[in-house]
Amino acid sequence: MTTTETRTYQNYIGGEWVDSVSGETYAITSPAKKQEVIGHFQRSNVEDALRAAEAADAARAAWADMPAPGRGQILYRALDVLERRAEEIARTITIEEGKPIADARGEVRRAMNIIEYSAGEGRRMFGYTTPSELASTVAYTVRRPLGAVALITPWNFPIAIPAWKLAPALICGNTVVFKPASGTPMSAVKLVEVFEEAGLPPGVLNLITGPGALVGNALVESPQIQGISFTGSTEIGTDIYARGARLLKKVQCEMGGKNAVILLADADLDKAVGGIVQGAFGSTGQRCTATSRAIVEAGIHEQFVDQLLDRTSRLKIGDGLDPEVDVSPLSSQYQQDKVLEYIGIGTEEGANLAHGGHAVTGGVYDEGYYVEPTVFTGVSRDMRIAKEEIFGPVLTVFEAQDLDDAVDISNSVQFGLSSSVYTRDLHRAHRYINTVETGMVHVNAPTLGGEVHLPFGGMKASGVGQREQGTEAVDFFTEVITVYIDYADEARTQARFI
Ligand code: NDP
């Protein structure tokens, strides 16, 4: 293993960059150059997590007291800093997580959008007034922050997901302990630097790196943490939700997916194939909204598969820093092993391996975690590759009799994050929208995407608790307080029943 940069990055607690209590660190390598260390990070433990929670708790009263438009001004400054550092941070994402540079630039843009949107929320954050049943009484609602909150995030969007939790949490007046995925701590450090430079007061944002089982767990259990916003696997999210609920904390969890596109016989096939290839293999299939199933109506299956394989075979595989590359390495050895294991399972289950299916090796490919874009046809709904989240460049293709059969296949999995239908038939599109079991539904577009001013999240095993982004983010990160004011200038008793 070679070391091109030996910088050791620190935790950020109470406005200071500090070592972990134990002084232990761990190294990070790039998915495209697995022998090269790109930085060392604090291997924090429970004590660090509790210090961070204390710092967030100590800062909460002053931050909550600052008028929300004033908090918004700090977010606007963060937006300026992020814009200035956008290219550097996009390259960090690609080097650290592996995704193609165009996707990394898009991710930074997405983070900027949510910061901008949230900053403006400082001038809205509406409550409402309503007539009271009582005479001479005014009734209205106001919003208050939850207090100190923990943000626990995955490695696949190391800037955008933290930003879409952080910006709403801050504008609502919460203080934060941010625990990023252990695989992508450098992006997290840079995001915190952006907010530090923007002038966030000490203790309002705290960062600790280190194993989730220790650090994340300690945050979930800490009495100083009032809310938890988690994105990651269904297994960990389910556990956090249950533990948080027992402690009466407000919790939201965005989790895994097994997103399907339904392709109906009347669709624009060319458009659909483009969207399915982008959805399945873009960002190497490591998006929570990636397309992992294509459900094709009878009659066009053969034509679809021909076009799909043609386009897939033209994808360029390589280091994400090369702007010509379509499919970059998986993010880690663990991911590569898992994807190859699922390809083996699919073959054993009797699905037809129509394209790809191997690690890409030889020359520079030996330096990274590459897997060929892979297509299975002849997949049936009871196979494991049809039901379980693979989280890599693997597309499973099903044949369906008609729309109802296709929706039935789409809904047959435990997940419910995103979905899509390609059709020119308005009636069938609406029937689909009304019956598909996912939190986000697309028509004639890939399963990907989302805009920061609209809610983002899933049903079933893909999401629990309030949605993220849009006005729902303010709903999650605030408590709604109901106020009744009796302004009569005489003593009286009015009937009150509750
Ligand atoms: P994990 O669930 O493994 O980890 C997510 C975060 O939780 C990490 O920061 C991790 O830390 C931390 N963590 C791990 N164990 C615990 C614990 N016991 N208590 C508290 N925190 C813990 O997910 P991945 O990072 O592997 O991310 C991939 C998953 O994320 C996929 O399933 C994907 O579908 C999902 N995802 C969902 C999205 C959505 O919006 N629905 C969006 C993006 C991804 P550490 O890294 O140190 O283990």
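1. Val46 has its place in helix α1, which covers residues 46–65, and in this predicted model the residue is partly exposed, with a relative accessible area of 35%. Together with Leu50 and Leu214, Val46 forms a nonpolar patch on the surface, and the accessible area of these residues together is about 200 Å².

2. The loop between β5 (33–42) and α1 holds Arg43, while Glu24 sits in the loop between β3 (16–18) and β4 (25–30), so that the pair, 19 residues apart, links distant parts of the chain. The contact itself is a salt bridge in which the closest N and O atoms of Glu24 and Arg43 are 3.9 Å apart. Glu24 counts as partly exposed at 44% relative accessibility, and Arg43 is likewise partly exposed, with a relative accessible area of 35%.

3. Strand β8, residues 148–152, is mostly covered, with five of its five residues buried. In a regular strand the side chains alternate between the two faces of the sheet. In β8, Ala148, Ala150 and Ile152 point one way, whereas Val149 and Leu151 point the other way, and all of them are buried.

4. The pairing of β8 involves two strands that should be read together. With strand β9 (residues 175–179), β8 runs parallel and is joined by five bridges, and within β9 the bridge partner of Val149 is Val176. With strand β11 (residues 227–231), β8 also pairs in the parallel sense, here over four bridges, and Ile152 stands opposite Phe230 of β11.

5. An open sheet of three strands has the order β6-β7-β23 and is paired in the antiparallel sense. Because β6 (129–131) and β23 (478–486) stand at the edges with a single partner strand each, one side of each is left without a neighbour in the sheet. Neighbouring strands of this sheet are turned against each other by 25° on average, direction ignored. Between strand β7 (residues 137–145) and β23, which run antiparallel, there are nine bridges, and Arg144 stands opposite Glu479 in β23.

6. The search of the whole structure for salt bridges finds 27, and one of the pairs joins Arg243 to Asp239, with the closest N and O atoms 3.2 Å apart. Both residues lie in helix α8 (residues 234–246), where, being four residues apart, they are separated by about one helical turn. What is the state of Arg243 at 13% relative accessibility, buried or exposed? Arg243 counts as buried, because its 13% falls under the cut-off of 20%, whereas Asp239, at 39% relative accessibility, counts as partly exposed.

7. A salt bridge also brings together the side chains of Asp405 and Arg381, at 3.5 Å from N to O. Asp405 lies in helix α13 (residues 403–410) and Arg381 in the loop between β16 (374–377) and α12 (384–387), so this pair ties together parts that are 24 residues apart in sequence. Arg381 is partly exposed, its relative accessible area being 35%.

8. Finally, a reader checking the charged residues may wish to look at Arg85, Glu88, Lys190 and Glu193, which are linked in a network of salt bridges.

Conventions:
Residues numbered from 1 in each chain as written. Predicted model: local features only at pLDDT ≥ 70, side-chain atom pairs only at ≥ 80, totals over all residues. Heavy atoms only, no water. Buried < 20%, exposed > 50% of the residue type's maximum accessible area, 1.4 Å probe, protein only. Pairing = 2+ DSSP bridges. Patch = residues over 30% accessible without salt bridge, like charges linked within 9 Å, V, L, I, M, F, W, Y side chains within 5 Å. Areas by Shrake-Rupley, 256 points an atom, 1.4 Å probe, with all protein chains shown as cover. Salt bridge = Lys/Arg side-chain N within 4 Å of Asp/Glu carboxyl O. Axes fitted to C-alpha atoms, helices over the stretch in contact; angles between N-to-C directions.
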